[in-house]
Each structure stands twice: as C-alpha cells, then as structure tokens.
Amino acid sequence: MLGFLGKLLDSNENEIKKIIPLVEKINAIEPEMEKLSEEELKAKTAEFKLRLERGETLDNLLPEAFAAVREASRRTLGKRHFDVQLIGGAALHQGKIAEMKTGEGKTLVATLPLYLNSLTGRGTHLVTVNDYLARRDAEWMGPIYHALGISVGVINHEKSYLFDPEHALKVEAEKTKEIKGETPEESSLTPEQEGLGVGKFLRLVSRKEAYLADVTYGTNNEFGFDYLRDNMVWALNQMAQRGHHFAIVDEVDSILIDEARTPLIISAPAEESTEKYYDFAHLVEKLQAKTDYVIDEKLKTANLTEIGIAKIERMLGVDNLYEKDFETVHHIEEALKAKTLFRKDRDYVVKDGEVIIVDEFTGRLMFGRRYSEGLHQAIEAKENVPIQKESKTLATITFQNYFRMYEKLAGMTGTAATEAEEFHKIYKLDVVAVPTNKTMIRKDHSDFVYKNERGKYEAIVKEIVEKHQIGQPVLVGTTSIEKNELLSELLKRKGIPHALLNAKHHEKEAQILALAGQRGAVTVATNMAGRGVDIKLGEGVTQLGGLHVIGTERHEARRIDNQLRGRSGRQGDPGSSRFYVSLQDDIMRLFGGDQVVKLMDMFNLPDEIPIEHGMVSKAIENAQTRVEGHNFDIRKHLVEYDDVMNKQREIIYRLRRQILNEPQTSSPSDTPSNTETAEPQEESSSISNTTLKERILEKVSREISNLVALHAPEGFTEPEYESLVNEFRTIIPFDEESQKQLLKQIQSLGDPEKISQTLTKIAQEIYESRENQLGPETARQLERAVALSVIDTLWMEHLDNIDDLRQGIGLRGYGHREPLVEYKAEAFNLFERLMANIDYEIVHRIYKVQVQPTQPSPIQVTEIKPEATPVPSGEVPQEKEVGQRQGIPSRVPEAVSWLNQERRHLGSENRREPALVGVPPSSSPAKVGRNDPCPCGAIDPKTGKPYKYKKCHGA
C-alpha cells in the first residue's frame, strides 16, 4: 500500500503539470467570452455541437467550453471558477477522481465537465448521496446551464423534475410547501442556500423526461434502481434511462467504497410474519455469553458452543438441533446475531414502532432499508415491535457493476488518496489530488490516548469548556448516537449550551451546521456532519483560531476521520483538530491496543493522564490500515462473485430487450427493430436475428423432436405411443376424443421422423390458426407477454438458487477446493439449466393462454403475480438487505388478459382448449383429482416433476 501511495504522489505532480497548459488556454480565451452578449454566449452551445458533428473532439473543445461555463457562472451566480477548479474539471473530464479539500467548490467544478460531455447529446449524470443534495445542486447550478441552453433534470425517490426558472413565478408558494413536506430532514436550509433544494425552480416531470435532460442530478440508489426497474418493464416506452455515457460521482469514496459492500435489491413481500421470531428471541435471551455462545467482533460472528447447543435442544425438546429442520437453526442463528452483534442506537434506532437502520458511515437513518434473511425480523422481535414480512429478491446488482457500465466514470471527494489502490483495481479510476486555492493552515494535533473511556470523556469535556470560555467554536464528532447522547449529558452537567445532531435529531441538520462556526458555538454531531454543507466562520472567530474539531474516537477508516477534520480550515481559514482515544474504544480493543496497554502499564499512568507518543499514533494507524484492508477484501470478494452473476444478468437483460424490440406485427422475414451487437456464444441458442414467433416455433419443434426421440430411441411400443401423446398434450391441451384420434394417427405412421414432422406440423397449424383469430398485433403481444413472464419468473427463482449456492459455497474450502472456482462452475450449470427451463416453459405455456375482449381496447393485459403479491419496487440493502416500497406503477402492456392468477403457470381453468386440426373437441374433459398431476403439464423446474393439480390450476 505504501509503495502504491508513493507512486501516486510522484505521478500526481506530473498529472497536474499536464493540465496546467489547458488552464492557460482557458484563461487566454476568457476576455473573448466576456465580450459576448447573453444570446451569443448561449449560441456557443449550438456552435460546439456543430463542430463535434464535423469531427472535432471534446478534448479540442475543452478550453472554449470551460471558458464558456466560467463566464456563465460569473454572470449568473457571481462565482468565477478558480484555476484549481479548472484543474479539477479537466481531471473529471479525463475520467479520473479529483480529490479536493472541503470548501474548494466541488459542486461548481462539476459544471465544467458535465457541460462539455453533454454536448454529445447522450446525457450526463451527476451522482450524489441524497435527494436533498441532488435538488439543491441542480437548482444552485441550474442558472449556469440555463444560460448556455442546457437542460437539467433531477431524479429523486419516486419524483423527478426539470430545472425551470419560470416555474418559481407560477407556483412558488405551493411547490415550496409540497417539497418541504417530503421529509423533515430536508426542510431547513442554511441562509446561503435559502430557496435552493426546496423545489422552487423545479417542475415535476416524468422520470423519462428527467433522464432525457442534458445533465441529470440524482442519487446512486435511484440511478441503480431505475436500471433494474427498466429491465423489468413490459414495453420499451416504459423504460426511463437512455444509456450510461458519462457520470461524475460526488463523494465518490462514500458511494463507491462505503456503500459498495452491499448490493442494490428490488424485492417483494414473500412470507407472512410469524410468532416464531418472538419465540426465538425469548429463547436466545436465556443464553449466557462465553458459556453458551462465543462472539468474534472482528469478523462480526456469533456461534453457539456445545453447551449452548445442548441447552437449546433441551428447551426445544429435540435430540439433535441440526437434524430438526433448517428453518429452526436459521432462526436461532439470526436471533443470536440480533442479540449479540446489533446494538440499539448504534446499528439501528426504534422509532414509531419500527426498527430503522443507522448508516455506519454517515450516521443517518436509512428509511425503508431492511436486513435480509430474517435478521431484521429477529431485531424487531428483540425490540418487541411489530414484525414485518420477509422479502423475495426480484432483481439485484452491486454498485461496482452498475457504475462500471458507464463508458466514462469520474468522481470527486475530499478524501480519496487512502483508497487509491481500490479505486484503481475495481474501477480503473486514478486519483488526482488537486491543490487548494489557498494554503491550508489548519493545525492537526497528535492524538491523546487514555487508559479508559471515563478519563477520555473527562478530558474532552474539559477542553470543550476551555474553548467555549474564550468563544472559540467547537465541533465534536462521535461515532454513534449512543456516544453522542452520552457526551451531550456530560455537557449539560457542566452547563455548556450546545447543539445536538444525530439521526434522532436530524430535522435541522443544515441549519445547525451553518451555525457551528459562530462564536461560542458547541456542536455535538455524529458522522452525518461530514457531507454536503460547509461551515463558515462567524465574526471574530478567525482571531480566536477558527473552528476547533474534536474526534471522540478513531473510525475504522482514516477517510472518515479526515472528513471530520476537513470541516475546519476551509479556503485558508484557521482551524485546529484533535482526536481523543481510549484503550476501550472498539478499534483499539479489537485491532491495536496491546502494545499501547504495555506502554501505559510500564509508566503506570493514571486514568486522567494521556499518552502522546509516536508509537501510539503508529499503532492506531496500523489498526485502521488493517481494518481498511479487511473491508477491501470484503468488497473485492463481493465483486468477484457478482462478476459471475453480472454476465448472466447481462444475457437475461439483453434477451428481454430483444423481445421488447420486437415489432408489433411481423412476418417471417421481419427482424427486430433494434438488434444488439454480436451476442456471446452461450446465448446464441436463445438470441438471434429471427423474430420471436420464429424462435418460439423453433423451440416447439425442438421440444417435439426431443419427446419423440425420448420415447422411441429404437422404435415404438404401444405404451410409448400413449406416453408420447400424453407428453404432447402438455404442450397443446386438447380433449379426450382428439387424444384418441391422434394416437391412431401416429400409430399408423410408425416412423419416428414422420411422427415428429406430423406433430410439429399440427403445432404450427394451431399456432397460425390462433394468430388468424387474434390478429397479428395481438399475437405478437401475447408472444411477448408469455416470454417475458417466463423469463422474469425463472430469473427470480434463479436469483434465489444462486444466493443459496453462494451462502454455502465457502464450506468447499474445508475440502481443499477453491470456493470461487466451485462457485463459477456451479453457477454456470445453474444458468444453463435456467436457459433450458426458459425454453421449456415458453413452449409449455404459449398454447395455454387465452385472450378475452374488453372495451375500449380489443384486449386487456394483467400481470400475473405469485400469490397476488403487490407490484414490487426497489430498496437499498444493508448487509444484503431487502425492502419494499409502494407507489411504483405496473409496467405491463394493456393487451392480453390471463385468466389464471399465477405468473408461474399461464393456463386457464375455464378456457376453451384448442382442438387438433380436423378433430372435433369432446364436450366434457375428464375430472382431475387434487393430488393428480395437473393436466396443463407444467413442470416444477426445481424438482423436474409435474406440479400437482391442487398447486397449479386447482389452487
């Protein structure tokens, strides 16, 4: 790591030197731009686009385009980009990470490359950490883009907007009231930002319109979920995004590092909640630490001992816990995790009867997010609040694989250098440290280390009192709500007035932070104070030494500590910082305290005397480096496994897109209107340039040939004729009389090849006959609906299978086999089975759907959902969590109505079954018992056996 950082420092200076000539060119053009009228400045955009069409490159246009943005900013906002901001903008355009200190104006810097890259007409994205910042930055920078004739969109949670300066004149009061009521967190603004972020200049539009803007601001979660939702739609016009051209990720370390340990998951409710969770919560409460279970805090695991297992078995009245059933063992393990590893007011809070996760990096509440696999329910049971339903995964992707889809990716943050190696290895992103506009003069003092927390907190309070008495403002950063409230209580006892900021008291975050630099201010905040709002110094504070930052303990990642320090000393302001550490802090206790303990014991130091020594600082740094390395391994592990899944996801999504690209009507010579590039070898059997109709008929023909070959490898016997007819009936349902006639017909043929040709011809004639009845347009919609339904259903089941595989694959290591290699091999086999099942299910469903007329449309389509589950939507996972969200509209075409209410089996209980050509249907089909195989012939892909009637059409 040190060698990598050394090379980074050496190369950084060279990168800056390469950009300096561009800055000089921009400065030389500035006088020209100043002379332009407003109309002439706006016309520059059309000129640049024309020059691009004629062969010039974005690199050629960079100096003029940057100069135009600088001039537009000077005229509209009164802000002229500094030279160092031009350097940052150039680095972003080159697809790099610009590391710029707090207060250096990253929001303004982003306008330069966003404008330049938007000239291609393909759209550019600015990705930020929350909805408020997306709105605020779009409104704040909107006048610059507007002056240049560039449109700006905003993507928020379930809402989307376009920047519209005229909008405020029309509905300012109503819109401000509506947006302010969205979330309490975002209702209070700093004085400098008054009117920004509340939607005063934002007009509500569709999501698609917001993505069609030249520049679109939004959050990483919403961009990712829109991608997943776009690959679940049933019509092309329901897709919102238009590709992944260029993106700048603001706070890139937070989004691509901190949040990248867990994937995005779209889910729907799966199982009803049960009383079992409460039972198991009571059960594990009776267990004793160390005796009945052991905890590994470093690995965040809790395991039963032999004594604990025996105690559980006695309480449950079973001989062998692990022979009882998997569900019981799983519930006990999750209940034990909830009891031992997840703490209230650190990992989560209980608010209004709900367990809400606290983001460990920002300290903010993560509304709507839930731990997966029953862990969230176990925590709810532990806290004795109502238990919500478990969830089923519908679609998932990691942030790594989502952002690697962009043709060009860039990022900006104040703290990236410590993670430069990971950025390079995972995202191929290099870091450029941009010089500050003014020299940094903040004083960062050495850490004070105490024996225990009591001595540490007494010293912290003492220093706060001293600073407060002279009027110097103090910002205190804590790592949890629990520590935050403890320090607040200690300050109250000393009579020190202070502002408290944490996930429980976040309604006025921006306002509190804006006042944190005023004379005599004391602000106690969790990590949430590290993003989005600059702290400006009040009158006379500069002479007192500026803002003093106190860290109550070291975080696992050095970046988080640096972010806290970075709240002080912006734009050349004076300031200071110091961290207080105790040997009882988690990071020292778990990762680096032994040497320091020996040193303090050697000198026999009392609790109130700190140690300040180079060895101590080195021990802390080593501890943080070890944790960072461990977390890097977790993220790298996640990527390695998801890369396997990503290839499969791309194939399935490409298959869906080709189906969606099918024309509404087709003839055998038609081809898809928007064929993809050359397909991978493994999907050639399912994706081609033929029409969907041709591919379905080809699958039918292949399935019939397989059936004949299976039943007559060396000629037919009487039972095999009957068996073949029964199997054929699973493809095309027909009545008993038709079955008898068909049996006679194939018996008379005898030859397997002739039988295969005859059955294929019958299938094709019935297919053509139905198309003639329905009309080509309806037939194409029906084909698409069946194919998409099959793909979506089996893909969801495949996601569950892959997840199960991944959960247990680590055990292969005990057999001296590489888990990742084993995972790749088994995942490939599962995917081959998935593709085969897709073909099988399409063939066995396409003849079993029926349309019914509706008004005013000739036909009506409803989505088939398992067990009538609500329309799914996306939530962000935490430790692979899942969640539900209401309000996402169904994206199913209004074209075909299935009478069966199951996505898995697309049949009709009351359908008129099509008869074989020339064979009249019987008046009444035979009665089917509830435990008999379903007459539709549907096969359970997991077991390979037919579904029972009671679980299929008799459900």
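Which helix holds threonine 760? I looked it up in the predicted model and found threonine 760 in helix α28, residues 752–774.

**Threonine 760.** I then checked its burial. Threonine 760 has a relative accessible area of 10%, and under 20% counts as buried, so this residue is buried. For its partners I set aside residues up to four places away in sequence, and threonine 760 touches Ser701 and Ile704.

**Whole chain.** I noted the totals next. The chain has 955 residues, and 56% of them are buried. I counted 30 helices and 24 strands. Of the contacts between residues at least 6 apart in sequence, 76% join residues at least 24 apart.

**Helix α19.** I turned to residues 481–493. This helix has 13 residues and spans 19 Å from first C-alpha to last, close to the 18 Å expected at 1.5 Å a residue. Which of its residues are buried? I list Ile481, Lys483, Asn484, Leu487, Ser488 and Leu491. Looking down the axis of α19, I see the buried residues fall within an arc of 165°, so they line one face of the helix. An α-helix has 3.6 residues a turn, so residues three or four places apart point the same way. I also looked up what this face of α19 packs against. Just after α19, glycine 495 takes a positive phi of about 75°.

**Valine 385.** I located this residue in the loop between α15 (375–382) and β14 (391–397). Is valine 385 buried or exposed? It is buried, with a relative accessible area of 7%. Leaving out neighbours within four places in sequence, I find valine 385 in contact with Tyr278, Val350, Gly353, Val355 and Glu380. I took the separation for one of these pairs: valine 385 and valine 350 lie 35 residues apart in sequence and 8.5 Å apart in space, C-alpha to C-alpha.

**Helices α3 and α4.** My last entry concerns α3 (residues 58–76) and α4 (residues 83–93). At what angle do α3 and α4 pack? The angle is about 140°, and the axes are 12 Å apart. Angles over 145 degrees would count as roughly antiparallel, and α3 and α4 are therefore oblique to each other. I recorded their crossing as right-handed. On the α3 side, Leu58, Asp59, Leu62, Phe66 and Arg70 make the contacts. They meet Asp83, Leu86, Gly89, Ala90 and His93 of α4.

Methods. Residues are numbered from 1 along each chain as its sequence is written. This is a predicted model: local features need pLDDT of at least 70, side-chain atom pairs count only at pLDDT 80 or more; totals for chains, interfaces and linings use all residues. Side-chain values use heavy atoms; hydrogens and water are left out. Helices (H or I, at least four residues) and strands (E, at least two) are DSSP runs, numbered from the N terminus. The expected span of a helix is 1.5 Å times one less than its number of residues. Buried means under 20% relative accessible area, exposed over 50%, partly exposed in between (1.4 Å probe, protein chains only). The arc is that of the directions from the helix axis to the C-beta atoms. Contact means heavy atoms within 4.5 Å. Axes are lines fitted to C-alpha atoms, for helices over the stretch in contact, and angles run from 0 to 180 degrees between N-to-C directions. Angles under 35 degrees count as roughly parallel, over 145 as roughly antiparallel, 65 to 115 as roughly perpendicular and the rest as oblique. A crossing is left-handed if the near helix is turned anticlockwise from the far one by less than a right angle, and right-handed if clockwise.
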